[in-house]
Amino acid sequence: MSTPVVAIVGRPNVGKSTLVNRLVGRREAIVEELPGVTRDRKAFEVDWQGRNFTVIDTGGWLPAGSTLDSQVSAQSERAVREADVVVLVVDTTVGVTEEDAAVGEWLRRAGRPVLIAANKVDSDSRRHEVWPFVSLGLGEPFALTALHGLGTGDLLDAIVEHFPEEEVEPERTEAPDIPGVAIVGRPNVGKSTLFNRLIGDERAVVHDMPGTTRDAIDTVVETDEGPIRFIDTAGMRRRSKVDDGTEYYSVVRSLRAVDDADIALLVIDATEGITHQDQRLAERVDASGCPIVVLLNKYELLDTEERLDIARQVEDRLHFIGNSPVLRISAISGKGVHKLLPVLAGAIEDYHRRVPTREVNKVIQSAQAAQPAPGGARVLYATQGAADPPTFTLFVNRELPPTYLRYLEGRLRDELELGMTPVKLRVRRRS
């Protein structure tokens, strides 16, 4: 049974994301004292008085503006169409603006239950400032302060009252573990365009201005290879280039998404080549233990000589990610994207792979017979201690040189057919 959906809407910079964080009970939406921080729709689960529902954070709605403003407004409009209840957030310190009136007129036509959250009423002496918003024709406003939580309980009570009666839910079977695929890369390389292409929906805002995506957005998609959760992340730049709080938190969320993902798609703008920042980002993803698929986007714009050059750059500058596949795609036209799902399916399977102890020891013994370790060192016993990625523990009689450990890693990868997934070795010395 699907849970009710509540859309949080309003003009820019009235406190929508602050209210979302208050309703969710933790800092999930990025908040900054600047208009336009939130651009994409993002969903969070909320529980109030035993009722579960989904709250949708949206960007600021404007009746007119730039191309980007129009795309952000379209995301808000879509959230309202899908919502059971709409919360219109307004700023009492500013009063009723032309944009508030335009939003109110749009919501009256939308045919959804609407509650007005009159934000920034931080004392009883300011409660009278909510009454001008009655002119929006959407009922009596709720006085609250999202930052401190004052009045949000009354708003939540009213939200829940608009939900249909809760039906007896049938007994659930355990939900399957859905693999997560994070789409990462520098700003403006086509990540959101690829995300929309993969999910078959205009979910993320796409614009030719770097840094359009401010938060990690995820969607579960049913594919021929089973359900996959795709995560669109904000573009990541060098720390010295991150010049505001909003971008800092965007990068933090992106890195967290990578750490939680089963596999990462590293999107590179083929027309710009492999930059130093692409290398650093690949190193960071590789260090997380996450398999990497390299996607050379905008490949169709290259001539023959440029295609040969980008192939050399991948070999020279991304050599440390080993067997990672490289796909040449066009996110905007979809060319080559169909090759991605089979590659993902194989990578995810290898990432979760469990190998019987007998097979692990057979490979190690064969490797030592073919090339003994120097100085009388020897692996006495080996076992797989963990998956995600496959992690093998080697019990040894003395320390093994790093070069020999790389040799054993290569033999394990090849003979156990672990493909492109990272392989970790832990060494324990037996007394």
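The legends below describe close-up views of a predicted model.

Local features require pLDDT of at least 70 and side-chain atom pairs count only at pLDDT 80 or more, while totals for chains, interfaces and linings use all residues. Residues are numbered from 1 along each chain as its sequence is written, and side-chain values use heavy atoms, with hydrogens and water left out.

**View 1. The open six-stranded sheet.** The strand order is S2-S3-S1-S4-S5-S6, and the pairing is mixed. Strands S2 (42-48) and S6 (142-143) lie at the edges, each pairing on one side only. Strands (E, at least two residues) and helices (H or I, at least four) are DSSP runs numbered from the N terminus; two strands pair if DSSP finds at least two bridges between them.

**View 2. Strands S1 and S4 with helix H3.** S1 (residues 5-9) and S4 (residues 85-91) run parallel and are joined by four bridges. Ile8 stands opposite Val87 in S4. Helix H3 (residues 98-110) packs on the sheet and touches S1, S4 and strand S5 (114-119), contact meaning heavy atoms within 4.5 Å. The direction of H3 makes about 170° with that of S4; axes are lines fitted to C-alpha atoms, for helices over the stretch in contact, and angles run from 0 to 180 degrees between N-to-C directions.

**View 3. Strand S7 and its covered faces.** Five of the five residues of S7 (residues 180-184) are buried, meaning under 20% relative accessible area with a 1.4 Å probe, protein chains only. Gly180, Ala182 and Val184 are on one side, Val181 and Ile183 on the other.

**View 4. Parallel partners of S7.** S7 pairs over four bridges with strand S9 (residues 226-232), where Ile231 is the bridge partner of Ala182. Four bridges also link S7 to strand S10 (residues 263-269), and Val184 stands opposite Leu266 in S10.

Terms used
Buried < 20%, exposed > 50% of the residue type's maximum accessible area, 1.4 Å probe, protein only.
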